[in-house]
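Hello,

Here is the structure I promised to pass on to you. Please have a look at it first, and then read my notes below.

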Amino acid sequence: TWALDFDKSIFPEMLTAIPALSGRVVGVLLDRVREVTRMEQQSEKLTALGKLAGNLAHELNNPASAAQRAAAGMLDEVQVYGHEKLKLGGLCLGAEKLAALREWEESLQFSMIKTSAAPADSGAASEAFQAGREDALQRWLHQHKVDQIWKIAPELAEQGISVDKLEPLAALLEPEALSVMLSQFTSSLRTRRIAEAMLDSTGRIFELIRAIKDYSYMDQAPIQEVDVPQSLENTLTMLQSRLRNVIIEREYEAGLPLISAYGSELNQVWMALIENALDAMHDSGVLKLSCHTSGDLMLIDAGWPREALLITVV
C-alpha cells in the first residue's frame, strides 16, 4: 500500500493548484456520508423491528395464555358436564317433567340474554348487589338440601339468576333431583363461558395478526395508497401494552383522502410520534390523535405535549 501524508495547512494551496482535486475529495466525502446514512437507516430499521417484535410478543402472550387456560378448563368441565348428564338421565324423569325442565331452562337462558344486554351498574353498587344475591342463593340452596352450594351459588349469581327463578324448579323436583339439575345447569353455564373466552382470545389473536399485516404492509408493493386514520389505529394496536392507563381521544376529519407513501416506513413515523407522546406523559393520561386537511396539506397531530407532522397530500 502506498500512502501520501499531507499537512492540512497546505490543502488550500493544493485545491488552488489542482482544481480537479476538490471534486475528488467531495466525491469521497459524499460516498462516506451515504454509507454512514445507510448504516444509520439499517440500524433504525433493526431497532424498529425489535420494538415491533417485543410489542407483538407481549400482546400475543395475553390472549394465547387465556386461550390455553380456557382449553384446559374446557376439558375438565366437559367431563363434569357429561357426568352430571348421566346422573340426570339416571333419575328416569317422566316426559312431562323433562318438558317442564326444558321450558324452565330455555326461559332462564332468555332471561340471562336480557340481563347481559342491559347497561351495567356502577362498580361498587354492582359488587354489593352481586354479593347480596349470592348470599340469598346460598341460603335457598341450603334450605333445599342442594349439594356443592359453593360451586352452584356463585355461578348462578354471576349470571343474574335470583331465588325467584329457582322456585319453579323446586316445585317440580325432589331435593336429590334438584341438586343434579342445578349442578348440570351450572356446568353448562361454565362451559359456555369458557367457550366464549376461547372465542374472544382467538379473535384477539387474529385481530393482532391482521393489524401486524396491515402495519407492515406484508405482501404489498412498497408505495401504497395509505388510509392515514387506519394506519394510526394499526400503530395503536402495536402499542396496546403501553395504553392501559391512557385514554385515546380521536379527531379524524371525515372523508380524508388517501396519500401515496411508503406504508411501512410511514407507520414507523407514527410509532415514533406516539411513543414520544407516551414518554412525555409517562404512559398515563389523555392522548389526543387528530388528522385533518389544511389547504393542500394533511396535518397529523399526536400530542401530549403537542407534536405535529405535516404530510403533503398527493
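A salt bridge here is a side-chain nitrogen of Lys or Arg within 4 Å of a carboxyl oxygen of Asp or Glu. By this rule the count comes to seven salt bridges in the structure, which is a predicted model. As background, side chains of opposite charge can pair when their charged atoms come close. Let me walk you through some of the pairs.

Arg38 has a relative accessibility of 45%, so it counts as partly exposed. Glu35 is partly exposed as well, at 37%.

Next, please look at Arg242 and Asp283, whose side chains meet in a salt bridge with an N to O distance of 2.7 Å. What does this pair tie together? Arg242 is in the loop between helix 8 (228-238) and strand 2 (246-252), while Asp283 is in the loop between helix 9 (263-281) and strand 4 (285-294), so the pair ties together parts that are 41 residues apart in sequence. Arg242 has a relative accessible area of 18%, and since buried means under 20%, Arg242 is buried. Asp283, at 25% relative accessibility, counts as partly exposed. There is also a network of salt bridges here, and it links Arg242, Asp279 and Asp283.

Another pair to find is Lys288 with Glu251, a salt bridge in which the closest N and O atoms are 3.3 Å apart. Distant parts of the chain are linked by this pair, with Lys288 in strand 4 and Glu251 in strand 2, 37 residues apart. Lys288 is partly exposed, with a relative accessible area of 34%. Glu251 also counts as partly exposed, at 43% relative accessibility.

One last stop is Thr237, a residue of helix 8. Is Thr237 buried or exposed? With a relative accessible area of 13%, Thr237 is buried. Which residues is Thr237 in contact with, leaving aside its neighbours within four places in sequence? They are Glu59, Arg204, Leu208 and Ala211.

Best wishes

Conventions: Residues numbered from 1 in each chain as written. Predicted model: local features only at pLDDT ≥ 70, side-chain atom pairs only at ≥ 80, totals over all residues. Heavy atoms only, no water. Buried < 20%, exposed > 50% of the residue type's maximum accessible area, 1.4 Å probe, protein only. Helix = DSSP H or I, 4+ residues; strand = E, 2+ residues; numbered from the N terminus. Contact = heavy atoms within 4.5 Å.
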